[in-house]
Amino acid sequence: MATTKTLDDLFLDTLKDIYYAEKQILKTLPKMARAAQSEEGKAGFLQHRDETQGQIDRLEQVFELLGKPARGKTCEAIQGIIAEGEEIIDDFKDSPALDAGLISSAQAVEHYEIARYGTLIEWAKQLGLTDAVPLLQQNLQEEEATDKKLTQLAKASANAKGQKKA
């Protein structure tokens, strides 16, 4: 008979998912920075790369609190979002709309992460993992701040440039 899965199992599974996602994002951000046309865009992606490393470190602390090895689990959602971003880089290379496309991809990533962290925080509270909550909250706050910065970047430059006929 199969053992019944618990919220603990789901929490660990989701933690592995976001850990894998953050590691993939860390690898992808330098590519996005290289592709970005605006200096603000380049700088933003590189700054987020450093932040992502900090988020990975905090996730490793959460694994430690659980007494589990920090291991990712393939996250098809993030792979799809990243693949879409790479497609935009290829399809819109040298186009005035490239940065707008990069920003939209980056926001899709942020929204996925925001959803995951929000869920993990609530489950950590329910499971009494009080030490994990502030670590996850710090990651969530950074993702939300990045999302806001991306929105400002989109409004300020990329969307306006992308509207002009090439």
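Q: What pattern does the chain follow when read along the sequence?
A: Residues are numbered from 1 along each chain as its sequence is written, and side-chain values use heavy atoms, with hydrogens and water left out. The chain has five helices and zero strands, where helices (H or I, at least four residues) and strands (E, at least two) are DSSP runs numbered from the N terminus. Read in sequence order, the pattern is therefore α-α-α-α-α.

Q: Which element of the chain has the lowest mean pLDDT?
A: Across the chain the average pLDDT is 92, and 93% of the residues score at least 70. Where pLDDT is low, predicted coordinates should not be read in detail. Among the elements, helix α1 (residues 7–35) has the highest mean, 96, whereas the lowest, 87, belongs to helix α5 (residues 132–163).

Q: What share of the contacts in the chain with a separation of 6 or more comes from residues 24 or more positions apart?
A: The C-alpha atoms fill a box of roughly 60 × 30 × 20 Å along the principal axes, and 43% of the 166 residues are buried, meaning under 20% relative accessible area, with exposed over 50% and partly exposed in between (1.4 Å probe, protein chains only). Contact means heavy atoms within 4.5 Å. Of the contacts in the chain with a separation of 6 or more, the share from residues 24 or more positions apart is 80%.

Q: Are α1 and α2 roughly parallel or roughly antiparallel?
A: The axes of α1 and α2 come within 9 Å and cross at roughly 160 degrees, with axes being lines fitted to C-alpha atoms, for helices over the stretch in contact, and angles running from 0 to 180 degrees between N-to-C directions. Under 35 degrees counts as roughly parallel, over 145 as roughly antiparallel, 65 to 115 as roughly perpendicular and the rest as oblique. For α1 and α2 the angle therefore makes the relation roughly antiparallel.

Q: How many nonpolar residues does the contact of α1 with α2 have?
A: α1 passes α2 in a left-handed crossing, that is, with the near helix turned anticlockwise from the far one by less than a right angle (right-handed if clockwise). For the classes, Ala, Val, Leu, Ile, Met, Phe, Trp, Tyr, Cys and Pro count as nonpolar, Asp, Glu, Lys and Arg as charged, and the others, Gly among them, as polar. Beside four polar and seven charged residues, the nonpolar count in the contact of α1 with α2 is 18.

Q: Is Gln-55 buried or exposed?
A: Gln-55 lies in helix α2 (residues 39–66). Leaving aside neighbours within four places in sequence, Gln-55 is in contact with Glu-22, His-48, Glu-113, Tyr-117, Asn-139, Glu-142 and Glu-143. Because its relative accessible area is 0%, Gln-55 counts as buried.

Q: How many polar residues are in the contact of α3 with α4?
A: α3 and α4 pack at about 175 degrees, with their axes 9 Å apart, which means that α3 is roughly antiparallel to α4. Among the α3 residues that meet α4 are Ile-81, Gly-85 and Ile-88, and the α4 residues include Leu-102, Ser-105 and Tyr-112. The contact has 10 nonpolar residues and no charged ones, and its polar residues number four.

Q: In which loop does Asp-94 lie?
A: Asp-94 has a positive phi of about 60 degrees although it is not a glycine. With a relative accessible area of 70%, Asp-94 is exposed. Its place is the loop between α3 (76–91) and α4 (98–126).

Q: What distance separates the C-alpha atoms of Glu-144 and His-111?
A: Glu-144 is found in helix α5, and at 32% relative accessibility it counts as partly exposed. Glu-144 and His-111 are 33 residues apart along the chain, and their C-alpha atoms are separated by 8.3 Å.

Technical notes
pLDDT = per-residue confidence, 0-100.
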